[in-house]
Amino acid sequence: GGSHFLTMLSRVLVGRGLRAFASAGASGESSNAAPVAGQVLKRLYEQYREPYSRHRSLIVLDDERRPSVSVEAYVHPSATLVGNVFVSDRASVWPGCVLRGDVGRIMFGAYSNLQDGVVVTAPGETRADGSAPVTSIGDFVTIGHNAILHGCTLTKETLVGMGAIVLEGCVMEPQSMLAAGTVLLAGTRVPAGQLWAGNPGKYVRDLTDDEIHFIAVSADVYYASAQQITAATAVNSLAYVE
């Protein structure tokens, strides 16, 4: 395992340093033995060292393209928000998510959640009706793991299943749902209260009352989980070097 590797590596480093020290002594350069050994160890350190991560969760591009995150929102340290991204109150962005607002704008609503590995991008060109390019995610929206959203509008209380892809110009009306792996082609509109699935995504059936209720419950569950993690991190966190 990792501990065995570190043990073996330390033995190699010490062994090489000692050999360098002995070699310098045998050649009559005992006064230079320590510096020689030090140089060897320094080269080995440079070879094997692990630099600090250069990752940044919030990346400011300029005065107009900078992430804006509510103090009541949760953004995991491994997530990346670039440029013009707005995260509302009590929203949560989970590990490995990427929100790229470098060429367009991303609006992320209250109590909504982006689960692990979700990618959200915004289109770079002005829409046909003259409106600004934006990806809009409403309140109480759940986006499943590894989903991809680009230039779409998800209104309040919608749910996107794991691995689904929602392309430019798509609209999901309130209390609608996409099954896992669904691909919504550009410009598709999902009416309120419907379940869509497949590639390309198509109407399957109307949602039951329990399924509609689950959409709101899902948002509440992720908000509660984000609160728990925030509290645990505040108590047990360790300082790190920027």
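The model is predicted, so local features need pLDDT of at least 70 and side-chain atom pairs pLDDT 80 or more, while totals for chains, interfaces and linings use all residues. Residues are numbered from 1 along each chain as its sequence is written, and side-chain values use heavy atoms, leaving out hydrogens and water.

Trainee: How many disulfides does the structure hold?
Mentor: A disulfide is counted when a pair of cysteine sulfur atoms lies within 2.5 Å. For Cys-152, the closest cysteine sulfur is in Cys-170, 6.6 Å away, too far for a bond. The number of disulfides in the structure is 0.

Trainee: Is Cys-152 buried or exposed?
Mentor: Buried means under 20% relative accessible area, exposed over 50%, and partly exposed in between (1.4 Å probe, protein chains only). Cys-152 has 0% relative accessibility, so this residue counts as buried.

Trainee: Which strands are the edge strands of the open sheet of 8 strands?
Mentor: Strands are DSSP runs of E with at least two residues, helices are runs of H or I with at least four, and both are numbered from the N terminus. Two strands pair if DSSP finds at least two bridges between them. The order is E3-E5-E7-E10-E13-E16-E19-E20, with mixed pairing. Each edge strand pairs on one side only, and they are E3 (74-75) and E20 (202-206).

Trainee: Which residue in E19 is the bridge partner of Met-177?
Mentor: Strand E16 (residues 177-178) and strand E19 (residues 194-197) run parallel, joined by 2 bridges. In E19, the partner of Met-177 is Leu-195.
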